[in-house]
Amino acid sequence: MDAITQQPETANSVEDAPASSDARVVSEVFISRIPIAFARRHSLIGLETPADGVMPLWVTPPVNTNVLDNIAIHLGVPVCPIETPAEEVQRLINTAYSAQDAGVEIAIDAAQNGQAAELVDALRADGDLLDHDGSAPVIKLVNLVLLEAIKRRASDVHIQPFAEHLQIRLRIDGVLYDYVQPPLHLLDEIVSRIKIIGRMDIAEKRLPQDGRTTVSIGERMVDLRISSLPTSCGERIVIRLLDKSAKLYSLAEIGMKDAVGEAFRAIVQRTHGIVLVTGPTGSGKSTTLYAALQELDATELNVLTLEDPIEYALPGVSQTQVSDKKGMTFASGLRTVLRQDPDVIMVGEIRDEETARMAVQSALTGHLVLSTLHTNDAAGAVTRLLDLGIEPYLVASSLLAVLAQRLVRRVCPGCKKMTPITPIERLEIGMSPDNDLHVATGAGCDRCLGTGYFERAGIFELLTVDEQVRSLIVGLCEAAAIKNAAVTAGMNTLRQDAINKLVAGETTVAEVNRVTQASEETGN
């Protein structure tokens, strides 16, 4: 036993930590044989074994020699402990285990021989996704699928049963990709595991259900919003992933630059009125609102938010979670927030007349209100407020601006190349035949998983409510008339902004056509 835990010949105690850890390489043998829970509990991590066959082992004092002996026996090589600060050890553990190959195909092979009873016996809904060693096969499969989805920056995981197979798909940068096909007979076990993670009723298979939970992956916390739907082939599951540790983006980073960015910054600095951000689900509206709030000085202003859910923590901002089940709606929450002496209020979404009316009244009584609506374009937000029952003169008096947006995929910088635009592409985006524009394309690489795209950028349509637009609102004009007036006054449409990003080499012609319509170019 003593011969296995080897000390260096030049010292009688553990070594000091290296001066720089930039060049460290974690041992793959250690990662494959030692579970992350054990490594975390004892605060140790093994580095790549040098030629002398002794594995350097980062440990946090005090050193437990019995643990070192057991590690050496389990690995089959002598170990040399090196005292290292706890935060360094834990950081390396998280990095090493999250970078390991997920091995989903292996998990699927193991899961085929698993039993439903084994699934129930081993369930642990609050565990770390990195700690899947020793779990039941289906538990391991679900954990590894979620882990891989997070590593690939997926926003959603789809588990969809068909008549002859089961398909798991990931939505990455707004587009669904086929991922793996587990055996169809595992559907019930996979669904049961996911339902228990989301604290749902595993016995109810005939009615739709919603669940929510938070899981950890190393130092990252990820919210899961789970939806189940019965279909003719079995229950379908969609999991929305929200990485709470993801960075907050500025307006420039999400693609709002030049004149639109300057105008929007000026609008959110106003003292009162309503600013709306519109677009379909998944178009980045919440990200834009968070970016807008970062433009404000929270030390001088009292900024409060009502959200469902709270996606990111904002420094200096009081954030409140809305819960319809507990009676905390956007409307009731807004009524309470108004008694908190706010300067700026962010309302996650205007869904009904009561919320809309409270937002208008808040704007008219000296508050800046930021919120979202589901409409196709900026002018459509005006008619949406009118449809909710808000009087035209109140809309005209309170509304400052409407920002419509979409997301286009950015060309991957790792495989980006510039090629001349083709005559067909030129025709599709309405450019003159003599234009010799070069556009960006992505050849596909490991970084972008062969898609040619990596991350997304926003395209924007900013409708500023001036005197002419106010008169059209009061006159109950249609959205098309409001849009045409705004375009005449200089507003760029969504398609025009997308073409601008195409010319700048940020996106492709295919993305411009996928996300926008040709009719938007002229505003008709």
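I began at Ile482, which touches Ala379, Val382, Leu463, Val469, Leu472, Ile473 and Cys477 when residues up to four places away in sequence are left out; contact here means heavy atoms within 4.5 Å. I then looked up the largest nonpolar core, which has 41 residues and in which Ile274, Leu276, Val395, Leu399, Leu463, Ile473 and Ile482 have the most contacts. For this entry a nonpolar core is a set of buried Ala, Val, Leu, Ile, Met, Phe, Trp, Tyr and Cys residues joined through side-chain atoms within 4.5 Å, and buried means under 20% relative accessible area, exposed over 50%, and partly exposed in between, with a 1.4 Å probe and protein chains only. Helix α13 (residues 378-387) gives the most to this core, with six residues. A second, separate core of 33 residues includes Leu147, Ile172, Val191 and Val215.

I note that this is a predicted model, in which local features need pLDDT of at least 70 and side-chain atom pairs count only at pLDDT 80 or more, while totals for chains, interfaces and linings use all residues. Residues are numbered from 1 along each chain as its sequence is written, and side-chain values use heavy atoms, with hydrogens and water left out.

Next I checked the confidence, given as pLDDT, the predictor's confidence in each residue from 0 to 100. The protein averages 85, and 86% of the residues score at least 70. Over residues 1-13 the pLDDT stays under 50, and the model has 21 contacts beyond four places in sequence for them. Residues 115-125 are also below 50. Where pLDDT is low, the predicted coordinates should not be read in detail.

I counted secondary structure as DSSP runs numbered from the N terminus, helices being H or I of at least four residues and strands E of at least two; the protein has 19 helices and 19 strands. Of its 524 residues, 49% are buried.

I followed the open sheet of seven strands, whose order is β13-β12-β14-β15-β11-β16-β19 with mixed pairing, where two strands pair if DSSP finds at least two bridges between them. Its edge strands are β13 (318-321) and β19 (453-464), each pairing on one side only. Helix α9 (residues 258-268) packs on this sheet, touching β11 (273-278), β15 (368-373), β16 (399-411) and β19, and its direction makes about 60° with that of β19; axes are lines fitted to C-alpha atoms, for helices over the stretch in contact, and angles run from 0 to 180 degrees between N-to-C directions.

Lastly I turned to the open sheet of six strands, with antiparallel pairing in the order β7-β6-β5-β10-β9-β8. Strands β7 (175-180) and β8 (209-217) each have a single partner strand, so one side of each is left without a neighbour in the sheet. The twist averages 25° from one strand to the next. Between β5 (residues 154-161) and β10 (residues 234-243) I found four bridges, and the partner of Asp156 in β10 is Arg240. Helix α8 (residues 187-197) lies across β5, β6 (166-172), β8, β9 (220-231) and β10, running at about 40° to β10.
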